Amino acid sequence: MPQNEEIKRLLKLVALNDDQTAYKQLFMLMYHRLRQFAYSMLKSNEEAEELVSDVFIRIWDKRVQLLDVESPRLYLYSITKNLAFTRISRQKKQININSDEWLVQLNSIYFDPEQLIITEEILRKIKQAVNQLPPRCKLIFKLIKEDGLKYKEVAELLHLSLKTIEAQMAIALRRIAKCMHFEITSKSLHLASKKS
Amino acid sequence: MNQENFWILLSKKLTNEANLSELKELEDLILENPEWQYAIQNIEDLWKHRPANDDMLAEDAYMLHLQRMKEFNIAFGDTISNDAAPVIGRSKRKIRWYWAAAVLMIVAGGAFMLFDKINQGRKGMGNSLAREVNEITTRPGSKSKIELPDGSIVWLNAGSKLTYNKDYGQTLREVTLSGEGYFDVMKMKEKPFIIHTSNINIKVLGTVFNVKAYPDDKRTETSLIRGSIEVTIKNRPNYKIILSPSEKLVVENDEIIQRENKTGRYELDPPPISAAMSVNKLKYDAADSTLVETEWIKNRLVFRDESFADVAMQMERWYNVDIEIADPYLSEVHLNGTFDDETILQALDALKEFISFHYEQKGNKIIINR
């Protein structure tokens, strides 16, 4: 998970030394996350890729100012969001600022079942449950679970209250847990009926 | 139990957002509701599980990103300069290619001292026009960076020669290459840049690419980094091959092999062409997106799946030695490797770790045997 400290360290190297290696590391570290975040707004892979490049061009251009940024992680997501909005408005498309209709891509539902002690069946259910989360809920879940943002950062990024973030996370988690809750009861029932 | 609160607290615990009193509260709630134990356990496992990022994709994206920056003329250091090379090039690779070897010159920091100074010898062409010719040559074991009159940059690898006429840039920008060169050509729409080699001609408008056309090599290779170039093969002047970025055209020298056209890249009707050729994707190094084909400009000799005979030929030019592989079996062994700081002897010793052979040094000549 890209911790703020690591991002801060790399940004510092870029800002002070024009360090190209650090710049590349930062790119590698953030590329997938920012691309997916950009995709949720732009709904086009190509544009999302280009947008991440734009974000990193901005980072390079403004590298000296980056030293003052308090939360670099939030900063990266914020410029991604801002540049995406600019791009959308330039295309004269409607902007869904309230993130209700964002198209969120998730990685964590593609986990490898071998590493977990749950069955294929549960896995399928979890994937389904996560995929069926309302877009905003899914986005919040992704930013926190996969991208490692703090509640506060997501609240600020999406202009939502902390309470909303808490509630949305609870919804996502309960839906996932329910997949497994059901499984254990049906499994034990199944075993019980076999015995009898 | 307070369902809502239970899930809020559990989420907070998983995301490290919960404070001590919240953690305590959650613990109590779990004790009161043992039926959730199994689900909680699994969610905690699931939470720790991180999907692997596809680094290859990010590497590709980074390459594209650097190209875009260049297109926008954003100064990002000179990615092919000598100063940049150690920064980008070293550290990581050392681990992977611990046996990798190399070039003395960069060590001293006085790289350019050892480079062949550009030999701007002017020879009359013996023709009535007496066109003046600029000729730049590099000895084996040295390299050179040249800026052409229009600002285009050419890196010449060891044992290569680049010539251009005095009237370069007046109507056309024409150069002749024997050996290997990395070209970064200034965009000038009205004045195409043309490179002649013994087997192919390459026409470009503005782009970056590498041409490897040593007369003693079996193949002529053209690798396009970005932009677009048009290649004609000398003995089939009517057929043009257009390369896209990250493609490499390999033309077998001196061979007259009839071959089916598979690529569909010819502008005119697809003929059997009279030189064996193929268009391949460029090989990016998985770890850091460097290109095997252009590593030499960073003073690194890189080879991937090449026969010892081919590698020896490159080492001859690189180290300015003669290498003879006396054993036919050894010539055919395929090798991977990267040399950067090693001397010729260190390089050979490194190779010995992978294939068993003996070598003997007689002056400038090295004889390799089993």
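Buried means under 20% relative accessible area. B:F303 is buried, because its relative accessible area is 0%. The model is predicted.

**A ring pair in chain B**

B:F303 has a partner, B:F339. The two ring centres lie 5.5 Å apart and the planes stand at 70 degrees, so the pair is edge-to-face. This pair links distant parts of the chain. B:F303 belongs to strand 15 (residues 301-307) of chain B. B:F339 belongs to strand 17 (residues 334-339) of chain B.

**A ring pair in chain A**

Over all chains, the structure holds 14 aromatic pairs. One of them joins A:F27 and A:Y31, and this pair is stacked. Both residues lie in helix 2 of chain A, 4 residues apart, so about one helical turn separates them. A:F27 is buried at 1% relative accessible area. A:Y31 is buried at 3% relative accessibility.

The table sets out the two pairs.

| Pair | Centre to centre | Angle between planes | Type |
|---|---|---|---|
| A:F27 and A:Y31 | 5.4 Å | 20 degrees | stacked |
| B:F303 and B:F339 | 5.5 Å | 70 degrees | edge-to-face |

Ring pairs also build a cluster. Its members are A:Y23, A:F27, A:Y31, A:F56, A:W60 and B:Y62.

**Nonpolar cores**

The largest nonpolar core has 84 residues. A:Y23, A:F56 and A:I59 have the most contacts inside it. Helix 2 (residues 20-42) of chain A gives this core its largest share, 13 residues. A second, separate core has 32 residues. Among them are B:I153, B:V208, B:L301 and B:I355.

**Around A:F56 and B:H65**

Leaving out residues up to four places away in sequence, A:F56 touches A:Y23, A:L26, A:F27, A:M30, A:L34 and B:H65. B:H65 sits in helix 4 (residues 55-71) of chain B. B:H65 is buried, with a relative accessible area of 1%.

**Charges over rings**

Where does the charged end of A:R63 sit? It sits over the ring of A:W60, 3.9 Å from the ring centre. A:W60 is also a member of the ring cluster. In chain B, B:R317 lies over the face of B:Y214, at 3.3 Å from the ring centre.

Notes. Residues are numbered from 1 along each chain as its sequence is written. Chains are lettered from A and ligands numbered from 1 in the order in which they are written. This is a predicted model: local features need pLDDT of at least 70, side-chain atom pairs count only at pLDDT 80 or more; totals for chains, interfaces and linings use all residues. Side-chain values use heavy atoms; hydrogens and water are left out. Helices (H or I, at least four residues) and strands (E, at least two) are DSSP runs, numbered from the N terminus. Buried means under 20% relative accessible area, exposed over 50%, partly exposed in between (1.4 Å probe, protein chains only). A nonpolar core is a set of buried Ala, Val, Leu, Ile, Met, Phe, Trp, Tyr and Cys residues joined through side-chain atoms within 4.5 Å. Contact means heavy atoms within 4.5 Å. Rings of Phe, Tyr and Trp (its six-membered ring) pair if their centres lie within 6.5 Å; planes under 30 degrees apart count as stacked, over 60 as edge-to-face and the rest as tilted. A charge sits over a ring if NZ of Lys or CZ of Arg is within 6 Å of the ring centre and within 35 degrees of the ring normal.
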